[in-house]
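Visitor: I'd like to learn how to read a model like this one, feature by feature. Could we put it on the screen and start with the strands?

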Amino acid sequence: MHAENIATREKIEQTQYWSQSPSVQTENRFNPIVYSNYTSSELNQNNKIYQLNISWQKEYDKYSHYIKANQINFKSNVQKLNQTISRIHYEDYEIELTPNNSVKYTLLLPDKKILMITKSFESYEDKTEKEIVFSIFEDKKLILSDIKNLDELVAGINRYIYM
Amino acid sequence: MNLLRVLTDIFICKRLWVTGRLKYPLSILPKSQYVQRINIDKLYVDIPLIVVRRSDKPKEEVFNKFGIMREDVISRGDIPGMSMNLLGGKFKYEHIRFNPVGEAAKIWTNNEKIFYSQYRKCVNLLSVATPIFFEISNLHNIDFPYVRSKDKSLEKLMNALQIERIESDGRFKLHGKSSISHEPTRLNYWHVEFQIRDFENKLIEKIKSTWQKDAASMALQHVISGNASLQCPYIVGIPKSHFYKKTENTD
């Protein structure tokens with residue numbers, strides 16, 4: 001009963017937090033003096049994290065029964081993933097929770113290629129693991145697919161976009 | 001005896017047709033003039049091919065806004081040997097509503113003469129059947145990555161096969177391959193299977209271990225899901241020479 005109350009309260013707090021606008025979130029999290037020093041690109045990234053978190057919450061509300069691992073750890077890991085994914089210069093995105101204990105990001109890149117990133121939480125205990133599977137599609141055709149460290153992938157994709 | 005059976009089958013089918021109860025498309029049954037297996041390798045080089053799979057979910061729940069298929073549409077356990085249907089022959093995508101099960105879904109072998117009346121009770125008619133289309137060129141002979149825990153016998157095998165060892169977090173990074181194989185069933189000659197093979201080119205028939213689970217996930221996530229389409233891009237007729245035994249019957 002007690003655990004259930006905590007879980008409910010946590011969910012309400014998270015929903016309230018994510019339903020705030022990014023600027024309010026930022027104000028709540030950071031000192032306004034520090035906040036005023038944020039550049040437009042940093043604010044843009046905060047906005048992207050906010051959007052990713054909102055989408056993730058919607059997906060989670062609908063498909064949380066797919067998660068077979070510890071849900072609290074799973075959620076905090078996805079939030080970390082959202083922060084990293086937000087660094088990619090994509091135009092549009094979609095988040096999907098799969099029945100196989102994984103989260104899939106579908107990102108539309110500026111040149112209209114589709115980048116799909118899947119993070120599996122099957123080996124959930126290994127929290128430091130940043131290995132993901134990615135695929136790139138052009139006109140529905142798979143042109144590249146591999147397993148890579150997420151930070152390296154983000155850097156590589158951004159390098160490719162600005163080439 | 002055989003003639004009697006043929007006549008009985010014709011009589012039952014006619015009676016079902018007259019009373020409006022014959023819904024199954026008899027045109028998709030295997031015929032004795034057909035070859036046992038269509039050579040997909042040869043066929044897909046000649047013409048662009050489409051395969052279709054059904055989902056029992058409505059289309060809004062099958063695809064996301066980019067037209068990428070959601071992964072919960074297909075179970076990972078279904079990936080090795082997943083059923084699909086080849087278009088361009090007698091199978092029309094509307095036929096996906098018919099789901100042969102049990103004896104009717106067994107593989108057609110030895111040019112067995114098929115009597116529909118014998119299997120008519122082994123067909124389910126589905127109320128929701130959303131078609132999911134794939135171009136064979138996007139599924140056949142496609143590499144996908146997967147990982148497998150390091151062990152001595154795997155290391156030995158990789159050394160023997162002179163496969164470059166790429167390690168990541170104590171696991172080997174390997175590449176499997178997907179393919180389409182023609183596997184006609186008793187009530188559907190146009191039935192094909194999506195198959196996956198490991199780095200040794202060995203067929204993965206069922207998921208029995210963690211690495212096989214990983215390989216099936218990878219194939220689902222990155223080969224199947226990304227290449228699925230809501231709309232049929234085209235249908236090109238398959239020349240009879242690819243599925244009729246005798247050359248005089250060819251186009």
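Visitor: How many bridges join E2(B) to strand E9 of chain B, and do they run parallel or antiparallel?

Guide: Keep in mind that this is a predicted model. When you read a sheet, ask which strand pairs with which, and in what sense. Here E2(B) and strand E9 (residues 191–197) of chain B run antiparallel, joined by four bridges. To find your place in that pairing, look for Ser83(B), which stands opposite Glu193(B) in E9(B).

Visitor: Which other strand pairs with E2(B), and over how many bridges?

Guide: That would be strand E1 (residues 50–55) of chain B, which pairs with E2(B) in the antiparallel sense over two bridges. Look at Val51(B) there: its bridge partner in E2(B) is Leu86(B).

Visitor: Is E2(B) mostly covered or mostly open?

Guide: Mostly covered. E2(B) takes in residues 82–86, and four of its five residues are buried.

Visitor: Where is Asn101(A) found, and why does it count as buried?

Guide: Asn101(A) is in the loop between strand E1 (92–98) and strand E2 (102–108) of chain A. It counts as buried because its relative accessible area is 7%, and the cut-off for buried is under 20%. To see what surrounds it, set aside its neighbours within four places in sequence. Asn101(A) is then in contact with Tyr66(A), Ile67(A), Lys68(A), Ala69(A) and Phe74(A), and also with Lys119(A), Ser120(A), Phe121(A) and Glu122(A).

Visitor: And the surface? Which residues of chain B make a nonpolar patch?

Guide: Leu3(B), Leu7(B) and Ile10(B) make one of about 300 Å². Ile10(B) lies in helix H1 (residues 2–18) of chain B. At 43% relative accessibility, Ile10(B) counts as partly exposed, because that class lies between the 20% and 50% cut-offs.

Visitor: Now the contact between the chains. How much area do chain A and chain B bury between them?

Guide: The size of an interface is often given as the accessible area lost when the parts come together. In this case chain A and chain B bury about 2700 Å² between them, with 46% of it on carbon and sulfur atoms. On the chain A side, Asn100(A), Lys140(A) and Ile147(A) supply 23% of the area buried against chain B, more than any other three residues. The contact takes in 31 residues from chain A and 35 residues from chain B.

Visitor: How many salt bridges are there between the two chains?

Guide: Seven. To inspect one, go to Arg171(B) and Glu131(A), whose side chains meet at 2.5 Å, N to O.

Visitor: Let's zoom out. How many helices and strands does each chain have?

Guide: Chain A has six helices and five strands, in the order α-α-α-α-α-β-β-β-β-β-α from the N terminus on. Chain B comes to five helices and ten strands, and its C-alpha trace spans about 65 × 40 × 35 Å along its principal axes.

Visitor: What share of each chain is buried?

Guide: In chain A, 42% of the 163 residues count as buried; in chain B, 51% of the 251 residues do. Take contacts between residues at least 6 apart: in chain A, 45% of them join residues at least 24 apart, while in chain B that share is 79%.

Notes: Residues are numbered from 1 along each chain as its sequence is written. Chains are lettered from A and ligands numbered from 1 in the order in which they are written. This is a predicted model: local features need pLDDT of at least 70, side-chain atom pairs count only at pLDDT 80 or more; totals for chains, interfaces and linings use all residues. Side-chain values use heavy atoms; hydrogens and water are left out. Buried means under 20% relative accessible area, exposed over 50%, partly exposed in between (1.4 Å probe, protein chains only). Two strands pair if DSSP finds at least two bridges between them. Patches are made of residues with over 30% relative accessible area and no salt bridge: like charges are joined within 9 Å, nonpolar side chains (Val, Leu, Ile, Met, Phe, Trp, Tyr) within 5 Å. Accessible areas come from the Shrake-Rupley method with a 1.4 Å probe; for residues, only the protein chains shown count as cover. A salt bridge is a side-chain nitrogen of Lys or Arg within 4 Å of a carboxyl oxygen of Asp or Glu. Contact means heavy atoms within 4.5 Å. Buried area is the accessible area (1.4 Å probe) that two parts lose on being put together, summed over both.
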